[in-house]
Amino acid sequence: MTSTALLTDMYELTMIKAAMHAGTAFRRCTFELFPRRLPPGRSYGVVAGTGRALEALRAFRFGDEELAFLRANGITDPELGAWLADYRFSGNIRGYAEGDLFFSGSPIMVVEGSFAEVVLLETLLLSIFNHDSAVASAASRMTLAAEGRPIIEMGGRRTHEQASVASARAAWIAGFGSSACLEAGRSWGIPVSGTAAHAFTMLFDTEEEAFRAQLAAQGESTTLLVDTYDVDEAIRTAVRLTEGRLGAIRIDSGDLSTEVRRVRKLLDSLGATSTRIIVTNDLDEYQIAALRGAPVDGFGVGTSVVTGSGHPTCGMVYKMVSRADSDDRSAPQSPVSKKSKDKSTIGGQKFVLREIGDDGIATAEVIGVGVTPRSDSNDRMVMVDLVRDGQIVGTEPLSEARARHERAIAELPLPGRKISRAEQAIPTVFVDETGRPVDNVYVAGKPPANL
């Protein structure tokens, strides 16, 4: 098991060392990981990375090599080094279930324990959730735009080699059909797919020879790439070689909206009425949406999905929201918050209810400050236990996260499905123990009428 302990900013350790000397390192605290707001034009976000975060937590151990590095660089002293050597997270973590939606201010993860053990996880958790949720949020929008047509994740060559695995995982949670990344298939059981690139065609003296070789190896159900040379000639050759039984063609260039309509007519005129058309070429959700009325049967997306389609991070932060005044594990925690302009926070532990109307459509994200919001029979509690007293309890098959995402998307109101210039799909409302809004704070949107 490779340690994840040094996937950590140095200031986590310098804070702990100073707190140890001050006698405050082991006060019970609660931190929350949350986005201050959604990116402009986005109506929702998708939680992804929970399963990876739990695996990383299990591997968060300071072994001999990690401790030797810290000592050699003067980062630890004997007291801190001894504590790190025995580090095992012993606290509690609650959070949004993976695949669910989040909104501005949503407390995606709530981490409770001693200051030292909780603050130490800040960088690791933020790096995982900011990346994976950004990819999943973009992928979800692309899935909506595709309107049921399958999308292949093809971004492995456009990002860091390990990020490509995490990206494939996040995109699959959000509805992509498969990935080109073999490591994602091995590590996470994601369906993988792939056929051939332009280089394969150029390896042969003629395009026909290349097509014959691919058909011989992969069968008539394969997808032939037809825009290496002349598209029309390639299609005629492909149809002739398969007697109209070719599974699909792929187009990777040109004005796709115009080209696919012309190509569909050509395929049909040649008798290849069942041959599907797959398009690639630096697609994003806007281009996919523009092809809604075109005869496209599937998409391949690379750069835009692994980079969050213009928003490579969700802007999530990790902030203390309550703390005790002593090391006593039973000491009550009092709310704490930042007051700085434009970066203020709301103190107190949070509990989240998604208000659902009689029609099954979400109407509000209700966040109780220090109390569980009151609900009726349609509403659902959003947060689940992930770690209890240091024991990981939130592990689940990746298919559960994918199914959860489908259910959460089905709860979106119609305006929340917009791709361009969208507003947050439902308002985020903080309420107190009486059920009334806290200090008239609405992170986004207007409060529902019954609050």
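Colleague: Which residues in H2 meet which residues in H6?

Modeller: Contact means heavy atoms within 4.5 Å. Here Thr 50, Arg 52, Ala 53 and Ala 56 in H2 meet Leu 124, Leu 125, Ile 128, Phe 129 and Asp 132 in H6. The residues of this H2 and H6 contact divide into six nonpolar, one polar and two charged. Ala, Val, Leu, Ile, Met, Phe, Trp, Tyr, Cys and Pro count as nonpolar, Asp, Glu, Lys and Arg as charged, and the others, Gly among them, as polar.

Colleague: What should I know about the model and the numbering?

Modeller: This is a predicted model: local features need pLDDT of at least 70, side-chain atom pairs count only at pLDDT 80 or more, and totals for chains, interfaces and linings use all residues. Residues are numbered from 1 along each chain as its sequence is written, and side-chain values use heavy atoms, with hydrogens and water left out.

Colleague: At what angle do H2 and H6 pack?

Modeller: Axes are lines fitted to C-alpha atoms, for helices over the stretch in contact, and angles run from 0 to 180 degrees between N-to-C directions. Helices are DSSP runs (H or I, at least four residues), numbered from the N terminus. H2 (residues 50-58) and H6 (residues 122-146) pack at about 160 degrees, with axes 9 Å apart. Angles under 35 degrees count as roughly parallel, over 145 as roughly antiparallel, 65 to 115 as roughly perpendicular and the rest as oblique. H2 and H6 are therefore roughly antiparallel.

Colleague: And how do H1 and H4 pack?

Modeller: H1 (residues 10-22) and H4 (residues 78-85) pack at about 115 degrees, with axes 10 Å apart. They are therefore roughly perpendicular.

Methods:
Helices (H or I, at least four residues) and strands (E, at least two) are DSSP runs, numbered from the N terminus.
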